[in-house]
Amino acid sequence: MKKQPAGIIDAFEFVRLGKQAEGSVPLARMLRAVEGLPKQPDDASGEVHWQLRGLRGAMDEPLLELRVQASPVLICQRCMEPFAFPIDAEVLLQLVRNESELDDGGYDGRDDEDEEEDGEPGSGAAAPEKVVGSQRFDVLSQVEDELILNIPYVPRHEVCPGAAGQAGQEKSEPVKRPSPFAVLEKLKHKD
């Protein structure tokens, strides 16, 4: 039997056997995820850690529970300084046999809030995302997809490092602007 490359699994067999797997990969290897980002660290802080578990859903559907943890270096769009953005994401993937099954299921009459309360096994999230399973299922591609979905489009610090001192100055010297209504009132009385 031929050995499959790292990160490649037989998805349906993985679920059937209730397997679990985990691993780490350098962020720099996730080319789609780091495109346009600054150089990522070469040490442990530049690693993506992932965990995968195969399980069955309430209606015996094959599910993969994926957890991705990383801290990619991003550039804050407020202060233009680099910072590590912590990502700890979990997603529940429902395996389907082919692309035509991706759209099956339709609307079941429930709101997203109802789905969150359903409590799929091991998840407090909404309905699982459907993906096509195969004998050569690329786990690392799913890990990279989850990273991409969790990297903010406009990254920024909660509070920029130099902003604490600036915020105090702004509060002590408020700018007095005339009310737009007062300006309109003056225009009204000119006639």
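Stop 1: Select cysteine 79, which is partly exposed with a relative accessible area of 27%. Here, buried means under 20% relative accessible area, exposed means over 50%, and partly exposed lies in between, using a 1.4 Å probe and protein chains only. Before going on, know that this is a predicted model, where local features need pLDDT of at least 70, side-chain atom pairs count only at pLDDT 80 or more, and totals for chains, interfaces and linings use all residues. Residues are numbered from 1 along each chain as its sequence is written, and side-chain values use heavy atoms, with hydrogens and water left out.

Next, show cysteine 160, which is buried at 8% relative accessible area. The closest cysteine sulfur to that of cysteine 160 is again in cysteine 76, 3.6 Å away and too far for a bond. How many disulfides does the structure hold? The count is 0, where a disulfide is a pair of cysteine sulfur atoms within 2.5 Å.

**Stop 2: two positive phi angles.** Move to methionine 80, in the loop between strand 5 (73-75) and strand 6 (82-84). Helices (H or I, at least four residues) and strands (E, at least two) are DSSP runs, numbered from the N terminus. Methionine 80 is not a glycine, yet has a positive phi of about 65 degrees. Most residues other than glycine have a negative phi. Then jump to aspartate 60, in the loop between strand 3 and strand 4. Aspartate 60 also has a positive phi of about 65 degrees, although it is not a glycine.

**Stop 3: the nonpolar core.** Select Val48, Leu52, Leu64, Leu95, Phe137, Val143 and Leu147: of the 33 residues in the largest nonpolar core, these touch the most other members. A nonpolar core is a set of buried Ala, Val, Leu, Ile, Met, Phe, Trp, Tyr and Cys residues joined through side-chain atoms within 4.5 Å. Colour the elements that each supply at least two residues of this core: helix 1 (11-16), helix 2 (31-34), strand 3 (47-56), strand 4 (62-70), strand 7 (87-96) and helix 4 (139-150). Which strand gives the most to this core? Strand 7 does, with 5 residues.

Zoom in on valine 143. Leaving out residues up to four places away in sequence, valine 143 touches Met30, Val48, Trp50, Leu66 and Val68; contact means heavy atoms within 4.5 Å.

**Stop 4: along helix 4.** Show helix 4, whose 12 residues reach 17 Å from the first C-alpha to the last, close to the 16 Å expected at 1.5 Å a residue. The expected span is 1.5 Å times one less than the number of residues. Its buried residues include Val139, Leu140, Gln142 and Glu146.

**Stop 5: salt bridges.** The whole structure has 7 salt bridges, each a side-chain nitrogen of Lys or Arg within 4 Å of a carboxyl oxygen of Asp or Glu. Pick three to visit.

- Arginine 16 and glutamate 13 have their closest N and O atoms 2.6 Å apart. Both lie in helix 1, 3 residues apart, about one turn of the helix.
- Arginine 32 and glutamate 144 meet at 3.4 Å, N to O. This pair links distant parts of the chain, with arginine 32 in helix 2 and glutamate 144 in helix 4, 112 residues apart. Arginine 32 is partly exposed at 43%, whereas glutamate 144 is buried at 9%.
- Arginine 53 and glutamate 65 meet at 2.9 Å, N to O. Arginine 53 lies in strand 3 and glutamate 65 in strand 4, so the pair ties together parts that are 12 residues apart in sequence.

**Stop 6: serine 134.** Finish in the loop between strand 8 (129-132) and strand 9 (137-138), where serine 134 lies. Is serine 134 buried or partly exposed? At 28% relative accessibility, serine 134 counts as partly exposed. Serine 134 touches Ile9, Asp10, Ala11 and Phe12, not counting residues up to four places away in sequence. Asparagine 98 is 36 residues from serine 134 in sequence and 8.9 Å away in space, C-alpha to C-alpha.
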